[in-house]
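Biologist: I would like to learn how to read a fold from its coordinates. Could we begin with sheets and work inward?

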Amino acid sequence: MSSSTGPDNGLPVRMPRPRQPGRHRRPEPVVAPEGAPALVLAVPGVPTREIRSLAEEIVSIARSELPGMDARIAFVDGAAGLDEEFPGLEPVLGQVAAERSAREAAHPPAEDSVPLPAAVVVPLLAGPDAALMRRIRQSVLASGSGAELTDVLGPHPLLAEAVHVRLSEAGLARADRARLFTVATAADGIVLATSGGAEAVQVAGITGMLLAARLAVPVLAAPLDEPGAIARTAEQLTSSGSQQLALAPCFIGPEVPEGLLAAAAEEAGCAAAEPLGAYPAIGKLVASAYGAKAGIVRPEASQGAPLR
């Protein structure tokens, strides 16, 4: 027998916690609705198994941010057909569009329903790259899928956080924000490396300002794909008083040829952190970019709006 306060053996009963009212109430989790466009992650660079694994990890993070999402991986330089491991962007979009057409033929949408694109393409790029974006846009148009294309992932405060973490992992910056301890090898000047031309450097400069505010050291952005630019920027920092420099990639990884980062670090005579890779913020930004274009509002979208 039990009473209204619990069983008569005295064991506690776990009661459901009431919803907290007001501004501190936890938001209800957002789930991708049925029939939502597919997320197609457009991965630049020469396809390899390592890059495929990186893309899968980023997609996994994005799915955890927005459960129920249909996510696919496609390669800008992938196969012309539906290769199982390295499919190209155009054939993946063609497949997604065909699947949607088949579903709508079997279950026609309501006449008053708002038509949605078959897919939303999110470029796996931290910053602008006119040449790559042109190729991605051409593949989207050539697919005839009617897919929507989002902007690149940055600039965004989360990218500055990601660069900070990569520097601290390499022992080149303090890990805390309150300066509770110092790192013996911490850099007093940061070269923020990017790729994609002058616009990419300008956009990376915004991330650089956010990073400088976090670390209280000077940060200058420089193009990794311009010969000698990293070394020249390092000399500029040295001439202004910095003595121990670090090279911090402001890119995800696949978009930069292998070995270019190490060569630039050696030329500039400084240590380098790892690229952003599958840092959790990248997956969150992918989900946010997809959700905004697909019309799916996520609770934190208004709290971490990109700086443009």
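Modeller: Two strands count as paired if DSSP finds at least two bridges between them. This is a predicted model. In it, four strands form an open sheet in the order 4-3-5-6, with parallel pairing.

Biologist: Which strands are at the edges of that sheet?

Modeller: Strand 4 and strand 6 (148-149) are the edge strands, each pairing on one side only. Strand 6 runs parallel to strand 5 and is joined to it by two bridges. Val121 stands opposite Leu149 of strand 6.

Biologist: Which helices pack on it, and how do I read their direction?

Modeller: Angles run from 0 to 180 degrees between N-to-C directions. Helix 3 touches strand 3, strand 5 and strand 6, and its direction makes about 165° with that of strand 5. Helix 1 (residues 49-65) lies across strand 3 and strand 4, at about 150° to strand 4.

Biologist: Now a single helix. Which residues of helix 2 are buried?

Modeller: Buried means under 20% relative accessible area. In helix 2, Leu89, Pro91, Val92, Leu93, Val96, Ala97 and Arg100 are buried. Their cover includes strand 3 (38-43), strand 4 (71-75), strand 5 (119-123) and helix 3 (130-143). Helix 2 (residues 89-106) has 18 residues and reaches 26 Å from first C-alpha to last, close to the 26 Å expected at 1.5 Å a residue.

Biologist: Take one of those residues. What is Leu93 in contact with?

Modeller: Neighbours within four places in sequence are left aside. Leu93 is then in contact with Val40, Ala119, Val121, Ser139, Val140, Ser143, Ser145 and Ala147. Its relative accessible area is 0%. Leu93 and Ser139 are 46 residues apart in sequence, yet their C-alpha atoms are 8.8 Å apart in space.

Biologist: How many aromatic pairs are there?

Modeller: A search of the whole structure finds one. The ring centres of Phe75 and Phe86 are 5.5 Å apart and the planes are at 80°, so the pair is edge-to-face. Phe75 lies in strand 4 and Phe86 in the loop between strand 4 and helix 2, so the pair ties together parts eleven residues apart in sequence.

Biologist: Why does Phe86 count as buried?

Modeller: Its relative accessibility is 18%, and the cut-off is under 20%. Phe75, at 0%, is buried too.

Biologist: Finally, how many residues are in the largest nonpolar core?

Modeller: The largest nonpolar core has 53 residues, and those with the most contacts inside it are Leu41, Ile58, Val122, Leu167, Ile190, Ile282 and Tyr290. Helix 8 (residues 280-294) supplies the largest share, eight residues. Apart from this core lies another, of 21 residues, among them Ala38, Val92, Leu132 and Ala147. Beyond its neighbours within four places in sequence, Tyr290 has contacts that include Ala36, Leu66, Met69, Val122 and Ile296.

How values were computed: Residues are numbered from 1 along each chain as its sequence is written. This is a predicted model: local features need pLDDT of at least 70, side-chain atom pairs count only at pLDDT 80 or more; totals for chains, interfaces and linings use all residues. Side-chain values use heavy atoms; hydrogens and water are left out. A nonpolar core is a set of buried Ala, Val, Leu, Ile, Met, Phe, Trp, Tyr and Cys residues joined through side-chain atoms within 4.5 Å. Buried means under 20% relative accessible area, exposed over 50%, partly exposed in between (1.4 Å probe, protein chains only). Contact means heavy atoms within 4.5 Å. The expected span of a helix is 1.5 Å times one less than its number of residues. Rings of Phe, Tyr and Trp (its six-membered ring) pair if their centres lie within 6.5 Å; planes under 30 degrees apart count as stacked, over 60 as edge-to-face and the rest as tilted.
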